[in-house]
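Colleague: I'd like to learn how to read a model like this one. Could you walk me through it feature by feature?

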Amino acid sequence: MQLFDTHAHYDDHAFDADRDAVLSGLPSQGVALVVNPGCDVESSRKAVELAAQFPHVYAAVGLHPENCGGADDADFATLRTLAAHPKVVAIGEIGLDYYWPENPPRDFQQNVFRRQLSLAQQLQLPVIVHDRDAHGDCMSIIREFPDVRGVFHCYSGSVEDAKILLSLGWYLGFDGPITYKNARKAPEVIAATPMDRILIETDSPYLPPIPHRGQRNDSSLVSLVAEKIAALKGLSTDEVAAFTLENGKRLFGIKDGSIMTITYVYGNNLYVNSTNRCDCRCVFCLRSSGDGVGSADSLWLEREPTKEEILSAILAEPLEQYEQVVFCGYGEPTYRLDDILWVCEKLKALGITLPLRMDTNGHGDLICEKATAPLMAGKLDILSISLNDSTAEAYDKRVRSSFGPASFAAILDFTREAVKYVPSVLMTVVDNMPAAEIEDCRKICEDLGATFRVRHYSTNW
């Protein structure tokens, strides 16, 4: 069972003591995805940071009606900038709250709400709406923006209003309060709502479901919301989880490919897939014969993971089971060299003793337009460089680099420098080459001071 908590505030101070531990542990508790909405500029910024750090977390940015007092043009400009981040999937939490008398004036709230709906319309993003004791005005204002869709978070309105929202293409979010004894409207509203329009939420750290009232809420408890909906709908909890996972992905535009394969296992090593960019079109490249390698069904990335996502994905693995961490996927890793070296530095600072290896085509100096070998000192333990042929002409025909024949000389120059900075440097060829050419490559490798290895050629590793 995979759950999608479409509304949780991990930027809240209630998580200051253990935020990273809570978020890192969610996938093992069945929580596949989380959306963290902002409530003001600072919490929106924090939501984006958390989304960048954790692969399963996405962000929304917005000004909550309780927090919108004093909002000015600079705030809206900042929200627009934050919304450009690839892991921002909505504008929210926005809306109207007439419950607290100390909230900003109603007309001011309405103006801020309209401006954010307009922003969502311009950016073609869905919205996450907070509506407390303001049903009439919320319904009226969203109708001014017929192209905008989203979810009414923690829906507390009537069945009649729910039916109107559903007819307009909106989703309804349900939280812990549907499990409370005084939840009078919820059963009727949920009964009237098709399963393809229901989202499950926690609103963490608030609104914990029964039997956890009075405790801090977190996304692991969203299963109890799914369980209650299942009981009301006559479905299994697994069925509700499956429906609401797909609903959330559909509303927020999260494609299956966005739950990216950053790490995968091959042999006894943990591999890291950081990019699909490559300057080569090797005649023997695995990318031309399939989508995946080892434990990965597909290594094609919807987008490149951030350095924080890479680090988080590695740390989520049982590292004691592997012999090496290898930066090698469906692309040339030196396109992400600065980020990879940052990850290596962080892993070593955390006391990770596994050897850190990068498999490269040796074109890093051309790709990065700088000398890259000195940057690797103290960060990489092993460097494996694909040599693949013994002359510039033959190499160019076999590898077909966008850098042309100059790429062969670049490999030799890079290797000559790399042996000064990286403890173990290998040069490799595949075993489908003629024996004489393999021997010529061996001599080149030995002259450069590297270790030679012939690797088995396979279309699927």
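Colleague: What percentage of the residues in the protein chain is buried?

Modeller: First, some ground rules. This is a predicted model, where local features need pLDDT of at least 70 and side-chain atom pairs count only at pLDDT 80 or more, while totals for chains, interfaces and linings use all residues. Residues are numbered from 1 along each chain as its sequence is written, and side-chain values use heavy atoms, with hydrogens and water left out. Now, buried means under 20% relative accessible area, exposed over 50%, and partly exposed in between (1.4 Å probe, protein chains only). Here, buried residues make up 54% of the 461.

Colleague: How many helices and strands does the protein chain have?

Modeller: Helices (H or I, at least four residues) and strands (E, at least two) are DSSP runs, numbered from the N terminus. This chain has 15 helices and 15 strands.

Colleague: Which residues of α9 are buried?

Modeller: The general idea is that an α-helix has 3.6 residues a turn, so residues three or four places apart point the same way. In α9 the buried residues include V240, A241, T244, L245 and G248.

Colleague: How do I read an aromatic pair?

Modeller: Such a pair is described by the distance of the centres and the angle of the planes. Rings of Phe, Tyr and Trp (its six-membered ring) pair if their centres lie within 6.5 Å; planes under 30 degrees apart count as stacked, over 60 as edge-to-face and the rest as tilted. There are seven pairs in this structure. One of them, Y395 with F408, is tilted, at 5.5 Å centre to centre and 50° between the planes. Y395 sits in helix α13 (residues 392-399) and F408 in helix α14 (residues 406-421), 13 residues apart. Y395 and F408 are both buried.

Colleague: Is E369 buried or exposed?

Modeller: Exposed, because the relative accessible area of E369 is 73%. E369 also has a positive phi, about 55°, and lies in the loop between α12 (364-368) and β13 (382-386).
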